[in-house]
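The sequence and structure are shown first.

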Amino acid sequence: MSNTDDDKRGWRSYLGTRYDARRTVHRRVPWKAFTLSAINVVAIAFFVFDRPLGQAAESLSPPLVMIAGNVTDIGRLAWILAGLCTILATGYAVRRRLWKVRRKFRMVYFVQMTAYVGLSVILASICANTLKFLIGRARPLIYEQEGIFSFSPLTMDFLHQSFPSGHAANIGALFVALILLFPHVRLIFIGIGLWLGATRIIIGVHYPSDVVAGLALGAWLAFALSILFARFGLVFAIDLEGRPVPRLSKLI
């Protein structure tokens, strides 16, 4: 039997033990209430805001469009993962030079945090792009030709991949993950996340309902993943009210 097989069994046993130890505090993901709320908000955006925005997209201020265009790519999966990989590599390099056990433990926690954020964004991106392909909604770029009710499912055409916004899903996952990890600065993250989501509307590649749906999807996936991590005692713990909270706050 190879060392790799032994390592895999060791990790399974380790994670299984951690999972069983927290079984009594496991919390169900509140998906029903969240889904109902998200559907209502998306529907309101679709029927109230999408058409006026589609008609007004070409009349937005050029400087505003330019600024939005310069920052919107922060929501790209490649950019986010590149940043996280850089942080992860730096953390690993620093960890190898730490001798004190407490410092090493905190560095391991830091690596787990980075992995959690990365997994949240990757999962959001996969789900959003799968839905884009299945739904095939026309983008505002062709509003004059097709309007807001045009759908071409199962197409790889960029002009028919509007709903939900992939960038917004990435942003929702990234910033909700950061909010859960650093709740004391959540208002800053909320503001930045909403602004980055709005850039997709400003530059004319998504309708408001696309962005709302993307943000909601990414936010929920990051929250659900935090509960899953908490069940294994990784990154998060469950507080007395059943909410995931960062474990580091208990370790400092």
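An unreviewed UniProt entry places the feature "transmembrane region" at residues 29–49, 77–95, 107–131, 163–182, 187–207 and 219–240; UniProt positions follow the numbering used here, feature names are shortened, and annotations may be inferred rather than shown by experiment. The model is predicted, so local features need pLDDT of at least 70 and side-chain atom pairs count only at pLDDT 80 or more, while totals for chains, interfaces and linings use all residues. Residues are numbered from 1 along each chain as its sequence is written, and side-chain values use heavy atoms, with hydrogens and water left out.

Two of the annotated segments are tabulated below. Helices (H or I, at least four residues) and strands (E, at least two) are DSSP runs, numbered from the N terminus.

Across the whole structure, a search finds 5 aromatic pairs. Rings of Phe, Tyr and Trp (its six-membered ring) pair if their centres lie within 6.5 Å; planes under 30 degrees apart count as stacked, over 60 as edge-to-face and the rest as tilted. Tyr-116 and Phe-229 are an edge-to-face pair, because their ring planes stand at 65 degrees, with the centres 5.4 Å apart. This pair links distant parts of the chain, as Tyr-116 belongs to helix 5 (residues 101–135) and Phe-229 to helix 9 (residues 208–231), 113 residues apart. Tyr-116 has 0% relative accessibility and counts as buried (buried means under 20% relative accessible area, exposed over 50%, partly exposed in between, with a 1.4 Å probe and protein chains only). Phe-229 is likewise buried, at 11%.

A tilted pair is formed by Phe-175 and Phe-189, with 6.1 Å from centre to centre and 55 degrees between the planes. Phe-175 lies in helix 7 (residues 166–181) and Phe-189 in helix 8 (residues 186–202), 14 residues apart. Both Phe-175 and Phe-189 are buried.

Phe-46, Phe-47 and Phe-149 make up one aromatic cluster. What is the relative accessible area of Phe-49? Phe-49, found in helix 2 (residues 31–56), has a value of 46% and is therefore partly exposed.

Arg-139 lies over the face of Phe-158, 4.0 Å from the ring centre; such a placement requires NZ of Lys or CZ of Arg within 6 Å of the ring centre and within 35 degrees of the ring normal.
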